[in-house]
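Please find below a note on the model shown here.

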Amino acid sequence: MNAAEMLKIFKGNITSEYKERLTKAFPKKLHSDLNEVLKIIPFDNNKVKLFDGTIHQVDNLIHENELDVVLDNETLTIPYRLYFDELNPELEKTLTDKQKDILNCIYLRHHNGHLREERLNLLSDNLEKWTVPFLIQLIGEYIYELLPIIDKKVNENTLDFCAEFRDENSIYWQ
């Protein structure tokens, strides 16, 4: 086996690991939609553009720290930070609205605060319960610019979801 073949096997294994970790971040009922989203995420590029435009090579596109939360009695493990490159907009157009919300939630964990803000703005105004852990984590990060956007997303339709999440995750909530 030559070096190129070994590299291909390694990248295949690491891509599988990335997909597995992201799968754990969403309820099982979303996994078929999530699989469509995972097809378009650029897992093969570990050269990350930082906020100032410089390029930095990372060894792992998903940080090892994770957040464990419970949603409807199902434990979700959400990565704390992601380093994926931005998506090809043409590929994103192929997704359904629910799949776009899944994608946006994934990118709410991105290292780039500007990208998190952009993805938060793109998140549907008719949020489903499974989006709440991603929103709540943003509140805890104390990024002032995100709070007015979150305020618009948490409304009469989503407030009960947040209360249920708080009740299921009292230690996390603190």
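Which residue that follows α6 has a positive phi? The residue is Tyr142, with phi near 55°.

1. Basis of the note. This is a predicted model, in which local features need pLDDT of at least 70 and side-chain atom pairs count only at pLDDT 80 or more, while totals for chains, interfaces and linings use all residues. Residues are numbered from 1 along each chain as its sequence is written, and side-chain values use heavy atoms, with hydrogens and water left out.

2. Helix α6. Helices are DSSP runs of H or I with at least four residues, strands are E runs of at least two, and both are numbered from the N terminus. Of the nine residues of α6, seven are buried, and the helix is mostly covered. Here buried means under 20% relative accessible area, exposed means over 50%, and partly exposed lies in between (1.4 Å probe, protein chains only). The buried residues are Val132, Pro133, Phe134, Leu135, Ile136, Gln137 and Leu138.

3. Tyr144 lies in the loop between α6 (132-140) and α7 (147-153), and it counts as exposed because its relative accessibility is 63%. Together with Ile139 and Leu147, Tyr144 forms a nonpolar patch on the surface, with about 300 Å² of accessible area in total. Patches are made of residues with over 30% relative accessible area and no salt bridge; like charges are joined within 9 Å and nonpolar side chains (Val, Leu, Ile, Met, Phe, Trp, Tyr) within 5 Å. A salt bridge is a side-chain nitrogen of Lys or Arg within 4 Å of a carboxyl oxygen of Asp or Glu. Accessible areas come from the Shrake-Rupley method with a 1.4 Å probe, and for residues only the protein chains shown count as cover.

4. Lys129. This residue is in the loop between α5 (113-122) and α6. Lys129 counts as buried because its relative accessibility is 15%. Its side chain makes a polar contact with the side chain of Asp72 at 2.5 Å. A polar contact is a pair of N or O atoms within 3.5 Å; within protein, one must be able to donate a hydrogen and the other to accept it, and residues adjacent in sequence count only if both atoms are side-chain atoms. Setting aside neighbours within four places in sequence, Lys129 is in contact (heavy atoms within 4.5 Å) with Leu71, Asp72, Phe161 and Glu164.

5. Asn169. The loop between α8 (159-168) and α9 (170-173) holds Asn169, which is buried at a relative accessible area of 6%. Its side chain reaches the backbone oxygen of Phe165 at 2.9 Å. Not counting residues up to four places away in sequence, Asn169 touches Val69 and Val70.

6. Asn88. This residue is in the loop between β4 (74-79) and α3 (89-92) and is partly exposed, with a relative accessible area of 40%. The side chain of Asn88 reaches the backbone nitrogen of Glu90 at 2.8 Å. Asn88 and Pro42 are 46 residues apart in sequence, and their C-alpha atoms are 8.6 Å apart.

7. Cysteines. The structure holds zero disulfides, a disulfide being a pair of cysteine sulfur atoms within 2.5 Å.
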